[in-house]
There are 2 protein chains.
Amino acid sequence: MLHARPYEMLPEVGDRIADIPTPRPIIDEDVMAANIARVQAYMDGHGLAFRPHIKTHKLPSIAKAQVAAGARGINCQKVTEAEVFADAGFDDILITYNIHGARKLDRLAALNDRLASLKVVADSRETVEGLSRRFAGEKPLVVLVECDTGAGRCGVQTPADVLELARLIAGLPGLIFGGLANYPKPGAASAVQAFLTESIALLQQAGIACPIVSNAGTPSLFDAHLVPAATEHRAGTYVFNDRGMLKAGHCTEADCAMHVLATVVARPAPGRAVIDAGAKTLTPDLFGFQDFGLVVGHPQAVIKGLSEEHGVLDISACNDTFPGIGEMVRIIPNHTCVVTNMFDTMVFHRNGVVTRVEDIAARGLVW
Amino acid sequence: MLHARPYEMLPEVGDRIADIPTPRPIIDEDVMAANIARVQAYMDGHGLAFRPHIKTHKLPSIAKAQVAAGARGINCQKVTEAEVFADAGFDDILITYNIHGARKLDRLAALNDRLASLKVVADSRETVEGLSRRFAGEKPLVVLVECDTGAGRCGVQTPADVLELARLIAGLPGLIFGGLANYPKPGAASAVQAFLTESIALLQQAGIACPIVSNAGTPSLFDAHLVPAATEHRAGTYVFNDRGMLKAGHCTEADCAMHVLATVVARPAPGRAVIDAGAKTLTPDLFGFQDFGLVVGHPQAVIKGLSEEHGVLDISACNDTFPGIGEMVRIIPNHTCVVTNMFDTMVFHRNGVVTRVEDIAARGLVW
């Protein structure tokens with residue numbers, strides 16, 4: 001049962017992609033299934049547990065396919081996302097976020113009561129003490145120490161800091177020390193392995209068990225076996241892939257399950273085309289590129305600017321072959337995860353025919 | 001009646017802003033009202049009709065306040081947005097977009113049948129002929145010629161092109177030539193005036209009436225009177241303002257009605273703070289800046305990177321005074337219009353107390 005508003009211009013099952021009102025992202029069922037199978041086979045081959053991050057699709061049916069293929073559980077970023085997936089039947093959820101605020105902590109406690117396995121991360125005394133104050137006297141919460149292994153975002157900075165925070169977690173009421181989690185920068189497997197190994201050794205010397213070591217990332221996902229200290233790997237983007245993963249060497253263009261359909265609405269001057277996908281569709285996420293997406297079949301076209309509902313292309317290198325006004329183009333977005341989050345519904349297809357249309361259940365849940 | 005999903009962490013009327021789960025944009029009622037009044041007074045003072053663009057708020061109640069203040073009608077960008085506002089009672093709508101596709105044209109025709117005044121723009125023979133094919137034999141559609149007066153997006157390139165397209169519109173069944181529309185680059189009033197004046201003269205010589213000349217833009221809105229050829233002005237961002245409008249000199253920091261509330265979730269290393277507002281809240285829209293927003297009261301803090309749910313700040317220039325873990329910051333976003341579009345609901349306040357919570361009725365309607 002779709003919850004789409006009456007204003008949405010949605011296709012129906014059996015419709016042809018060529019007839020879908022644009023702009024809209026679409027997902028190729030077969031490419032997505034192959035992505036899920038390929039990554040799970042790699043993890044299985046290396047004896048690594050796999051925990052997909054739902055941020056890329058925000059859709060329980062896809063997480064079910066990931067778990068059916070062999071994934072251990074799922075990874076969410078926010079409490080509300082975890083609620084959506086708990087309601088859909090998932091009972092092993094890791095929330096990789098420092099959780100603050102009375103209302104979020106209350107809802108986290110309610111989640112912890114109903115799930116077989118809920119885990120969160122923390123990287124500071126303040127976060128850990130806040131969790132302990134809320135969970136003291138309740139079902140204890142499993143907390144992993146988040147480690148900054150080089151990405152420069154959250155995480156404690158050294159193995160000695162890991163030990164100190166793990167001791168705090170283990171000693172405070174309401175909390176159970178669950179292990180380590182990190183989000184690395186791509187291509188840094190040896191640095192990650194060194195940080196984790198040293199941390200585990202310090203914990204072992206201190207007599208603190210470290211059951212979970214959760215490494216992450218799609219870009220260098222196929223290097224996950226180079227971090228044998230990890231007990232599991234988390235990744236999200238691999239399920240759809242995007243131009244960023246293409247550039248990172250993780251996939252080929254044929255492995256990109258998400259295309260954004262757009263229509264050429266103007267050819268106002270030589271060398272310029274305008275499409276109906278702008279910042280409210282593709283998002284202005286450069287993701288390390290100089291322009292805003294890859295036009296399938298027209299790699300020389302440059303999506304040089306986005307306003308809210310227009311994409312402006314420099315097509316001077318492919319003027320003659322670029323589609324005319326009213327014709328459709330397909331775009332591989334720089335970053336799929338942020339495109340998914342723009343739309344209330346996702347359209348799936350096989351061989352150009354719509355197979356299903358689903359609510360993006362956790363869209364926009366950023367708390 | 002709110003249509004929010006149960007997962008949203010919404011405040012209630014009377015709640016204090018300090019207790020709102022973050023991240024979330026909030027709108028100061030008094031600042032917004034002053035923005036509406038100030039711009040309308042300017043337009044009234046210069047005898048210019050004013051047509052607010054709803055892209056910034058996507059919310060009928062705000063458009064009603066704009067019309068109550070004296071605005072002539074509203075400006076939408078997509079057919080579905082216009083449907084939302086038509087359902088809310090608006091009957092004078094200009095859609096500034098080249099409309100293609102059978103389904104959109106059908107819904108445009110239905111809108112045209114029910115509205116007192118619906119107008120669209122076109123900048124090519126292909127777009128105009130498509131409209132004529134659909135509207136021949138129906139209630140005629142008013143079409144304005146979109147002019148590229150220097151912004152380099154859509155629009156015909158010269159006054160001679162204006163005349164040619166106006167003649168086509170005037171001669172085809174189902175269409176009425178309504179005049180001109182443009183979206184200028186900021187600070188180019190004299191070039192806009194020259195383009196429009198020459199176009200109007202050519203139309204006059206050809207005996208073609210040009211009732212509407214619709215100029216636009218917030219950044220140089222207070223230069224609208226320097227384009228006397230225009231009969232009306234369109235603008236959206238002025239209602240909330242943002243860091244972009246601040247930089248353009250359109251407003252002061254005190255005129256920014258939208259603040260994004262965020263919580264400091266980590267201080268992992270000296271000089272680094274992490275907030276819970278990332279690309280799925282602030283959007284990665286640089287809007288000409290080098291970083292992703294202005295932290296109110298901490299102008300030396302640099303929001304240097306966004307991942308989906310994290311904002312990473314360089315606070316090395318304000319380490320000692322920057323809020324600690326668990327504390328709230330307020331951010332003036334680079335670009336308000338794209339932030340509004342991330343959220344299903346908007347929270348309004350006066351003096352830090354929530355006054356209302358409303359569905360962002362046209363969020364995500366990009367067709």
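Modeller: Let's start with one pair of residues: A:S214 stands opposite A:E232 in β9(A). Before going on, this is a predicted model, where local features need pLDDT of at least 70, side-chain atom pairs count only at pLDDT 80 or more, and totals for chains, interfaces and linings use all residues. Residues are numbered from 1 along each chain as its sequence is written, chains are lettered from A and ligands numbered from 1 in the order in which they are written, and side-chain values use heavy atoms, leaving out hydrogens and water.

Back to our strands: β8 (residues 212-216) and β9 (residues 232-235) of chain A run parallel, joined by three bridges. Strands here are DSSP runs of E, at least two residues, and helices are runs of H or I, at least four, numbered from the N terminus; two strands pair if DSSP finds at least two bridges between them.

Zoom out and you get an open sheet of eight strands in chain A, ordered β2-β9-β8-β7-β6-β5-β4-β3, with parallel pairing. At its edges sit β2 (49-52) and β3 (74-76) of chain A, each pairing on one side only. From one strand to the next, the twist averages 30°.

Now the helices. In chain A, α3 (residues 79-87) lies across β3 and β4 (92-95), running at about 170° to β4(A). Helix α4 (residues 102-114) of chain A packs on the sheet too, touching β4, β5 (117-122) and β6 (141-147) of chain A, and its direction makes about 145° with that of β5(A). Touching means contact, with heavy atoms within 4.5 Å; axes are lines fitted to C-alpha atoms, for helices over the stretch in contact, and angles run from 0 to 180 degrees between N-to-C directions.
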